[in-house]
Amino acid sequence: MFFKNTVLYVFFLGLPLVISCGHATKQRVHAELKQEFSTMAVPVQGTIPSWLKGSLIRNGPVTVSVDGKHNEHWFDGLAMLHAFTIQEGNVFYANRFLRTQAYDTVFNKKSLSYAGFAVDPCRSIFKRFFSLFLSSGPHALNNANVNVAKIADRYVALTETPLPVEFDPVTLETVGVLDYKDSLPHRDTWESAHPHCNPVTGDALSYLIEFGHQSYYCLYTIPANTLERKVIARIPVDRPSYMHSFAITEQYVILVEFPFVVNPLSLMLTSKAFIKNFSWQPERGTCFTIVKHSTGEIVGTYRSKKAFFAFHHINAYETDEGICCDMVCYDDASIIYDASDDMWEEQANRTIFHKEVKRFIINQDKRTLAEKTILRGDFEFPRINEKYDGKPYRYVYMTKPDKLWHAHEIRPLYKLDMEKGTTITWSQEGCQPGEPIFVADPMGQKEDDGVILTIVINIADHSSFLLILDAKTFTEQARATVQHQIPAGLHGQFFKLC
Ligand code: CO
């Protein structure tokens, strides 16, 4: 419950919440949804388009506590899936934790000693990095709390370590590890939780980092209906970069190496948490590597002297001008450290991070890399109409996350017109929207013919709702409300279930 005369602070990508009463000690208030709801009907206000059928499934870390202590870093919360299923204009909701080793540690062993993104192994069991953060066995069930996807006709939860965790899209029950049938490493690698579909073949396409005396970025594809990852390219790298996502075009994969890098040898010997081994080395600049995905050929590398960091690529595509690559950029990588609890107290009043939606243009004939700012502001979780992934496009949908939250503040959803640099918004006082997911109208012709789905937290009345907006006008079409606060999450997808 919330109290009068309090100020609520929210970490940048969503909740964990802390409360401030004047100068009183801040404390967490909710973010701990331990209850699981089996599929239940949810009341709907408004009218849902008749063509909209399927399920929005969203993943995210849920902060948990044991004996009054909680996760140090938001990204280390337990993976929980939420599903809003739409059938014939009705909406049903369910949520469920993934049944992982981390879940077992918390709920059965009553301990927080599970390895994670920023969990210090010394705090739990002193072991080396590889035996802790990365999968603890070939069939370990990962705390896959970042994204969901459909790979080889299976529904899987993803994080940045192997392997994906398969779940039932109707009941959200955990099925087990999705184990690949191939010779690529099945553990001790770093993975992307943002795979793409090859725009030509439709096959899944992603990358992993193999750490070793010689490390590699390994691009691979998964042909339809197989569990075999086929290597597109193995690119040697001395100091692997933390890259949360990447971009594709119709011909190319674009890897953008931010100067937030790790010495792989020290990583293997460290007792520090994974992400704490990375360091910001701005003198390295930012390197764009262009790989032809049909052949694996590296067709160019382009270095920007300017250091910057990004979690999320928006899109990339080819034009006569060159390859356009769009991202939500930060000045540096300090945003990662800011997600840890020990930083919250001292930085709760820090100003928001400087972000820009930027377009980089790579001209392969002139061998040039140019950049321009499309929009300055506080944005994250950019999504587009996925049919335009890798192709010329115009519209981006984003949220305005903020670590400072006042109960009556406005946190809009944005639709950005990349051609004009203009936005339209949706907002409601006291409400925090999550990632906006575009679903195309099957009869639509234009890029923005469809709806935006997002899960909104209503701070004011401690509830949450699925919001359905007309993507063209950003007018509300319907909402379906559950009477509990869904912890802020990360990424989701809309699946057309049969
Ligand atoms: Co992400």
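Me: How do you know that strand β14 and β15 pair, and in which sense do they run?

Reply: Happy to start there, with the reminder that this is a predicted model. Two strands pair if there are at least two bridges between them. Strand β14 (residues 165-167) and β15 have three bridges, in the antiparallel sense, so by the cut-off of at least two they pair.

Me: Which atoms coordinate the cobalt ion, and at what distances?

Reply: The donors are the NE2 atoms of His194, His244, His312 and His491, at 2.0 to 2.2 Å. A donor has to lie within 2.8 Å of the metal, so the four histidines qualify by their distances of 2.0 to 2.2 Å. In sequence these donor residues follow the spacing H-x49-H-x67-H-x178-H.

Me: Why is the arrangement around the cobalt ion called irregular?

Reply: The four donor atoms subtend angles of 93 to 153 degrees. For reference, the ideal angle for four tetrahedral donors is 109.5 degrees.

Me: What do His194 and His491 tie together?

Reply: His194 lies in the loop between β16 (189-191) and β17 (196-197), and His491 in the loop between β40 (476-482) and β41 (492-495), so the pair links parts that are 297 residues apart in sequence. Both His194 and His491 are buried.

Me: How do you know whether Val328 is buried or exposed?

Reply: Buried means under 20% relative accessible area. Val328 comes in at 1%, so it is buried. Val328 belongs to strand β28 (residues 322-330), and its contacts beyond four places in sequence include Phe309, His312, Lys355, Phe379 and Met398. Val328 and Phe309 are 19 residues apart in sequence, with 8.6 Å between their C-alpha atoms.

Me: Why is strand β25 described as largely enclosed?

Reply: Six of the seven residues of β25 (residues 286-292) are buried, so the rest of the structure largely encloses this strand. β25 also has paired strands: six bridges join it to strand β22 (residues 252-257), running antiparallel, and six bridges join it to strand β26 (residues 298-304), also antiparallel. Glu257 stands opposite Cys287 in β25, while Val291 has Ile298 in β26 as its bridge partner. β25 and β26 form a hairpin with five residues between them, and Gly296 in the turn has a positive phi of about 85 degrees.

Me: Which residues have the most contacts inside the largest nonpolar core?

Reply: This core has 70 residues, and those with the most contacts inside it are Tyr207, Leu219, Tyr242, Ile254, Phe288, Phe309 and Met327. Ile254, for example, is in contact with residues including Phe246, Phe288, Ile290 and Cys325. A second, separate core of 21 residues includes Phe37, Ile86, Val439 and Ala480.

Me: What makes the backbone at Asn225 and Phe474 worth a look?

Reply: Most residues other than glycine have a negative phi. Asn225 has a positive phi near 65 degrees, and Phe474 has a positive phi of about 65 degrees. Asn225, in the loop between β19 (215-222) and β20 (230-237), has 62% relative accessibility and so counts as exposed, the cut-off being over 50%. Phe474, in the loop between β39 (463-470) and β40, has a relative accessible area of 4% and is therefore buried.

Technical notes: Residues numbered from 1 in each chain as written. Predicted model: local features only at pLDDT ≥ 70, side-chain atom pairs only at ≥ 80, totals over all residues. Heavy atoms only, no water. Helix = DSSP H or I, 4+ residues; strand = E, 2+ residues; numbered from the N terminus. Donors = N, O, S within 2.8 Å, 3.2 Å for Na, K, Ca; no water. Tetrahedral: all angles 85-135°; square planar, octahedral: opposite > 155°, others 65-115°. Buried < 20%, exposed > 50% of the residue type's maximum accessible area, 1.4 Å probe, protein only. Contact = heavy atoms within 4.5 Å. Core = buried A, V, L, I, M, F, W, Y, C linked by side-chain atoms within 4.5 Å.
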